[in-house]
Amino acid sequence: MADARSRPVVRLTPNARHRVLQGHPWVFSNEIASVDGHVEPGDIVEVRDRRDKFVGLGYMNPLSAITVRLLTRHDVEINGAFIRERVRQAILYRKSLYGETGPLGQSPKGYRLVFSEGDFLPGLIVDCFGGYIVFQTLTLGIDRWKEDIVSALSEFAEPKGIYERNDAPVRELEGLKQTSGFVGQPFDPVVEMDENGVTVVVDVQKGQKTGYFLDQTDNRFAIRALCEGKTVLDAFSYSGGFGLSAALAGAEQVLCVDVSDAALDLARAAATRNGLNGAMFFRVANVFDVLREFEAGNQQFDVVMLDPPAFARSRRMLERALAGYKEINLRAMKIVKDGGFLCTSSCSQHVTKEEFDEMLEDAARDCRKTVRIVERRGQRADHPVVLGVPETEYLKFRVCQVFDFR
Ligand code: SAH
């Protein structure tokens, strides 16, 4: 156990003062003036400012461009008990938000239990789907605490099973191997979960990311009122989250489009489970092609959903990403019936809310439509946003009404 004096000390350069001293948890490699003491990758270090004043404690990985991620601004000991308490607090937050009185591992619903920096546990993602936990330790500094994390999740959430989805390429940037598998007792990896009364099918082993996108849960509920008796296109549907909600709300016809046949298999299975087969249709295709085809064939919908993957994976890719968002949104606006709705998302952390709205405005102008913003929404509260940490706020969701006149 390292006492305070034997802890390695990382001193910040003057240029790091602004952001880190104002509460942001990341120290980049070029913001480090010196390191005193021996550091093994993943070790806890003490961060001090250039005047040697204590800033906080975090874990360090010299291999990563984000070299230190702060865990606390207090001079405490970072140990298993510290990490376990953070996990416990994260679980308590969800329980109080959603009025869950029993263990979350007994709930039929789905929750993100830990949202990385949003829960002051950088690098850790934990989702719970109908009692089954899926986790990712995406940085070396958090991966080291895996045993404590798993034991805390078992104790405080009492899940039916735990699956590790560390087959994420970002781990390689940290010098970590990709790996995945059951932790403890194996279980059928295709699990069911209740989302606002819809039974959703989640493949925790082969599904995308952790298996299901819980950040859109409230938005899927928000679109229901628009869909009754309507024709709906769920573009980039994945396992059918939006489409199932639309169909349950009484949509006349829902077409789910995704390039992944495996994703549509999950959507098909869920449609059957919910007795919605008559209203739901599925097509394996590239959305860019399908939008062009519908435009050319004058095929229109009352409601179009767009929920593409992140087009911008870095700020440098922003221009191209915005062009991609504009293209699909413009084409989608063209195939919405006069007075119908476009429900459009971006999960790119590098695209700001303002840039997203400007892109929509450009798209509307270019296709000569009048577009009214009905609602501006974001990620659900189990993906909490920390002020001063813009990376925690990534999801933009807009309900737009599209009119032909201009
Ligand atoms: N709307 C979904 C989440 C979508 S995630 C939900 O509510 O859960 C993005 C999806 O887009 C993935 O399923 C991916 O397979 C799909 N995808 C990526 N590029 C695509 C393209 N060009 N055409 C169609 N689907 C695409």
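Which backbone atom is 2.9 Å from a nitrogen atom of the ligand? A polar backbone atom of Val-287 is the one at that distance. Before going further, a few ground rules.

## What you are looking at

This is a predicted model, where local features need pLDDT of at least 70 and side-chain atom pairs count only at pLDDT 80 or more, while totals for chains, interfaces and linings use all residues. Residues are numbered from 1 along each chain as its sequence is written, and side-chain values use heavy atoms, with hydrogens and water left out.

For the protein chain the mean pLDDT is 96, and 98% of the residues reach 70 or more. Confidence is lowest in helix α1 (residues 17-21), with a mean of 82, and highest in strand β14 (residues 231-235), at 99. Helices (H or I, at least four residues) and strands (E, at least two) are DSSP runs, numbered from the N terminus. Where pLDDT is low, predicted coordinates should not be read in detail.

## Around the ligand

Let's go back to the ligand. It is surrounded by 15 residues, and the closest are Arg-220, Phe-236, Asp-258, Val-287 and Asp-307. A residue makes this list if one of its heavy atoms lies within 4 Å of the molecule. Sorted by class, the shell has eight nonpolar, four polar and three charged residues. Here Ala, Val, Leu, Ile, Met, Phe, Trp, Tyr, Cys and Pro count as nonpolar, Asp, Glu, Lys and Arg as charged, and the others, Gly among them, as polar.

Now for the polar contacts (pairs of N or O atoms within 3.5 Å; within protein, one must be able to donate a hydrogen and the other to accept it, and residues adjacent in sequence count only if both atoms are side-chain atoms). Asp-258 uses a polar side-chain atom, which lies 2.7 Å from an oxygen atom of the ligand. Val-259 has a polar backbone atom 3.1 Å from a ligand nitrogen. Taken alone, the ligand exposes 580 Å², and the protein buries 89% of that. Those areas come from the Shrake-Rupley method with a 1.4 Å probe; for residues, only the protein chains shown count as cover.

## Salt bridges

A salt bridge here is a side-chain nitrogen of Lys or Arg within 4 Å of a carboxyl oxygen of Asp or Glu. By this rule there are 39 salt bridges. One of them joins the side chains of Arg-11 and Asp-36, at 2.9 Å from N to O. This pair links distant parts of the chain: Arg-11 is in strand β1 (residues 9-12) and Asp-36 is in strand β3 (residues 32-36), 25 residues apart. Arg-11 counts as buried because its relative accessibility is 19%, and Asp-36 counts as partly exposed because its value is 38%. The cut-offs are under 20% relative accessible area for buried, over 50% for exposed, and in between for partly exposed (1.4 Å probe, protein chains only). Both residues also belong to a network of salt bridges that links Arg-7, Arg-11, Asp-36, Glu-46, Arg-48, Asp-52 and Asp-75.

Arg-112 and Asp-127 form another salt bridge with their side chains, 2.7 Å from N to O. Arg-112 lies in strand β7 (residues 110-115) and Asp-127 in strand β8 (residues 124-129), so the pair ties together parts 15 residues apart in sequence. Both are buried, with Asp-127 at 0% relative accessibility.

Then there is Glu-195 with Arg-220, whose side chains also meet at 2.7 Å, N to O. Glu-195 sits in strand β12 (residues 190-195) and Arg-220 in helix α6 (residues 217-222), 25 residues apart. Glu-195 is buried, at 2%, and Arg-220 is buried too, at 4%.

Phe-236 is in the loop between β14 and α8 (241-248), and it counts as buried, with a relative accessible area of 15%.

Asn-298 is not a glycine either, yet its phi is positive, at about 55°. Look for Asn-298 in the loop between α10 (287-296) and β17 (301-306). Is Asn-298 buried or exposed? Asn-298 is exposed, because its relative accessible area is 68%.

Conventions:
pLDDT = per-residue confidence, 0-100.
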